[in-house]
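User: Here's the model I'd like to go through with you. Could you tell me what the terms rest on as we go?

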Amino acid sequence: VNRIVKEIREPLQSAKGNEEEYLSNPLNSFPLIRHLFEDWRFIKDFLAKPVGEEQIKYLKLQLTELPWQVNAKDATEAIYRIAKTYDVSPYDMANGQIDGIQFNSSLTAWDCFAIAKLHFQFGEYRAANKWINITLKRMLDDYEEEHEVLGLTFDEVILMKCRCLVDYSPGELDKARDLLLTLPELAEDANNYLDLYTAHPYKPDAEAPEFSEDFRDVCSSSHIPEPTRLHCRYNSSTSPFLKIAPLKMEEISLDPYIVVYHNVLPDREIKEILRFESELEPTTVANYNNPLMKSKYRTALGFWLPRELRLLDQLRERIGDITGLEAKTLTSFQLLKYGFGAHYSPHYDFLNMSLERMKTDGDRIATVLFYLNDPPHGGATAFNALDIKVAPERGMALFWYNLQGETLDFDELTSHCACPVIHGTKL
């Protein structure tokens with residue numbers, strides 16, 4: 001137990017004073033969340049002896065502060081999204097290399113097995129088997145006593161590996177049998193296990209998130225945009241105010257019209273908005289059957305800023321200057337935070353549905369996004385139908401029309417997404 005405590009404590013002590021930076025690394029956050037949820041119960045059982053009574057009392061006091069199962073599951077799925085979107089192999093992920101960046105972190109046998117189990121639940125047996133192979137290698141390299149204390153055994157891992165072999169390829173039956181025969185505890189019942197697996201193929205108990213090819217392609221770091229003749233300039237024409245204080249504008253697309261305005265949100269306003277960061281909760285999305293619901297398609301946290309906040313009047317004026325549209329009736333501003341692995345799948349901002357408020361407000365003509373920080377890696381806003389992505393930049397605003405010119409038809413070329421954050425957070 002002391003060795004386990006030492007392995008956990010050393011990186012946490014080295015992170016003192018830089019906790020936010022430490023936890024912004026997915027290869028630190030995921031193992032820590034998984035450990036705090038999964039491993040404590042095994043440590044508690046191990047200490048449930050007279051010599052561990054004081055430690056048990058301490059653990060009971062800490063239980064309310066530990067992650068829940070949903071937190072551990074969300075963290076594992078975040079790693080899954082990063083790997084799928086940025087085409088990170090299990091070997092690279094386990095050794096701390098993500099999308100060409102080498103992190104000073106790696107995953108343990110327990111972490112690798114948690115990811116293997118998620119792939120297995122999704123019915124992705126080949127991927128699960130790759131993670132199991134890494135798990136076994138880590139187990140051979142580590143102290144065996146630690147695995148026993150934390151509930152990870154060779155028997156459990158080998159059984160899942162055999163299940164994967166049988167489920168993704170009946171021709172691997174002999175290989176699975178040979179594996180079972182290598183462990184004395186399993187050898188006697190090897191044929192029984194294989195008969196059971198063959199007679200009752202595993203049915204995935206969870207649906208794997210879908211990531212379209214255009215989503216993965218545009219988010220990838222290897223993505224190279226096509227050359228254009230678009231310009232950067234000072235805009236002084238969309239409002240009278242801009243004639244005396246023009247804004248730096250960068251053209252992203254002319255059809256549909258998409259532009260970026262740089263340095264339009266000063267630090268003092270950003271700080272005022274971030275005062276509400278503690279109010280953030282999982283976001284919802286609009287749906288035809290259920291107008292507001294949580295969804296795996298959007299994994300950000302959000303909070304609607306109070307309507308009485310004075311800063312919102314200034315933001316309305318600025319949006320009017322940027323867009324040339326009437327923004328005085330704009331009442332809702334949402335603060336969003338994307339943590340590691342958080343994303344928003346391709347979608348449109350026009351609603352095209354019979355929500356009650358649309359009868360009076362109409363559909364969303366345009367979208368303005370303000371960016372409050374500079375994520376170190378990942379988190380771009382991408383227009384998958386246009387093969388364009390925009391990297392977040394503190395103080396920047398991104399603007400586009402959702403509806404076409406005079407007709408106000410839905411512009412389906414405005415399909416866009418939030419690429420998963422790899423390192424840090426996006427606000």
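User: Which helix gives the largest share of the lining of the second largest pocket?

Analyst: α5 does, with eight residues. Helices here are DSSP runs (H or I, at least four residues), numbered from the N terminus. Keep in mind that this is a predicted model, where local features need pLDDT of at least 70, side-chain atom pairs count only at pLDDT 80 or more, and totals for chains, interfaces and linings use all residues. Residues are numbered from 1 along each chain as its sequence is written, and side-chain values use heavy atoms, with hydrogens and water left out.

User: What makes something a pocket, and how much space lies in this one?

Analyst: On a 1 Å grid over the protein atoms alone, a pocket is an open set of points where a 1.4 Å probe fits, with protein on both sides within 12 Å along at least five of seven lines; lining residues have an atom within 4 Å of a point. This one holds about 1,300 Å³, the space filled by probe spheres set on the points, which are joined across faces, edges and corners. Among its 39 lining residues, Asp-74 and Phe-340 are two of the closest to its centre.

User: Why is Gly-302 called buried?

Analyst: Its relative accessibility is 11%, and buried means under 20% (1.4 Å probe, protein chains only), so Gly-302 counts as buried.

Terms used: Helix = DSSP H or I, 4+ residues; strand = E, 2+ residues; numbered from the N terminus. Buried < 20%, exposed > 50% of the residue type's maximum accessible area, 1.4 Å probe, protein only.
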